[in-house]
Amino acid sequence: MTLFNEDRFHALNLGDGERVVRAEVYEDERVVGALGGVLDGDVLTCGYSAPFGGLDLTRERETPANVARVVDEALPRLYAQGARTLRIKLPPACYGESEPLVQFTLLNRGFSVERCELNQHIDLESISSPEEYVQRLKSPARRALGKLLGEDLSFGRAESEGEWDRAYATLAANRASKGRALSLSREYVESARTTLGESVRMYELFRGGHAIAAALVYRVRPKCDLVVAWGDGEHGLERSPMNLLAYRVVENALVEGVRTLDLGISNEHEPGPHGELVPNAGLVQFKQSVLATIQPRLTLIRELTG
């Protein structure tokens, strides 16, 4: 199951009058898949207060017939539980072989695209080692990483509450330097850490014992990690340490058998009356430099009928 569809994640975010609803679809006694989310009034959001949710399929490679069954059987059951509008925030296709099939099925069941975001991820399944990752980098990124590897910089995972406070402060300072606020409060991050356990990790990069960069990473599915937030702070280096932070996160993921490292969205609202989404060119370029590729991340919506 996707972390963002689990009851323990929903417990972090439920407001007054909101409730979790879910429809599981079986074949004999085997759960084929499920669809659900948080119902607020008569609007059901799959991926509520999360980057995405999507269908939960028991098998990663599911048949077209079974994906259609999950959708066709779940929709009337969700309607019976009070849902009249269904919003599904889908993960990008990198999260599993069946994700493109899920998109196809929903779009051909009357769902329309409410929002399209630009997502970037690193495919680690085809990379056998950190050394191979470095060799695949283009020469400018490889040179930048090489220079950072020559610095006296260390990497570690935050464990104590004090270490989490320090890492969070690094991320908050990074956002403040850009005129923004970190989207997750320190209290929320601590609640997530307590509730979700090993699914939530915080990593830090140090220079001489001083924290200079941090990364908050969620284990969203088995072998799939999402970088929820990362950034550098005051570091005193000639260049940003972000290339090294990315490398260390990749290195750690490879050791743990992660095959997809999702770096999240790289779009923002364009100023003006329409406020449409546009690519953040600098963010796109940086993520591409560390081997991230682009996929759309869709939010679909449909009115349900009985």
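Trainee: Where does Glu-204 sit in this predicted model?

Mentor: Glu-204 has its place in strand β8, and, since the model is a predicted one, what follows is computed from it.

Trainee: Why is Glu-204 called buried?

Mentor: The relative accessibility of Glu-204 is 1%, and buried means under 20%, so Glu-204 counts as buried.

Trainee: What makes the link between the side chains of Glu-204 and Arg-166 a polar contact?

Mentor: The two side chains are joined at 2.8 Å, and the cut-off for such a pair of N or O atoms is within 3.5 Å; leaving out residues up to four places away in sequence, Glu-204 also touches a set of residues including Ser-154, Phe-155, Glu-163 and Ala-214.

Trainee: How do you know that β8 and β9 pair, and in which sense?

Mentor: Pairing needs at least two bridges, and β8 and β9 have eight, in the antiparallel sense, with Glu-204 standing opposite Ala-214 of β9. These strands form a hairpin with two residues between them, and Gly-208 in the turn has a positive phi of about 60 degrees.

Trainee: Why is β9 described as largely enclosed by the rest of the structure?

Mentor: Eleven of its twelve residues are buried, so β9 is largely enclosed.

Key
Residues numbered from 1 in each chain as written. Predicted model: local features only at pLDDT ≥ 70, side-chain atom pairs only at ≥ 80, totals over all residues. Heavy atoms only, no water. Helix = DSSP H or I, 4+ residues; strand = E, 2+ residues; numbered from the N terminus. Buried < 20%, exposed > 50% of the residue type's maximum accessible area, 1.4 Å probe, protein only. Polar contact = N/O pair within 3.5 Å; in protein donor to acceptor, adjacent residues only side chain to side chain. Contact = heavy atoms within 4.5 Å.
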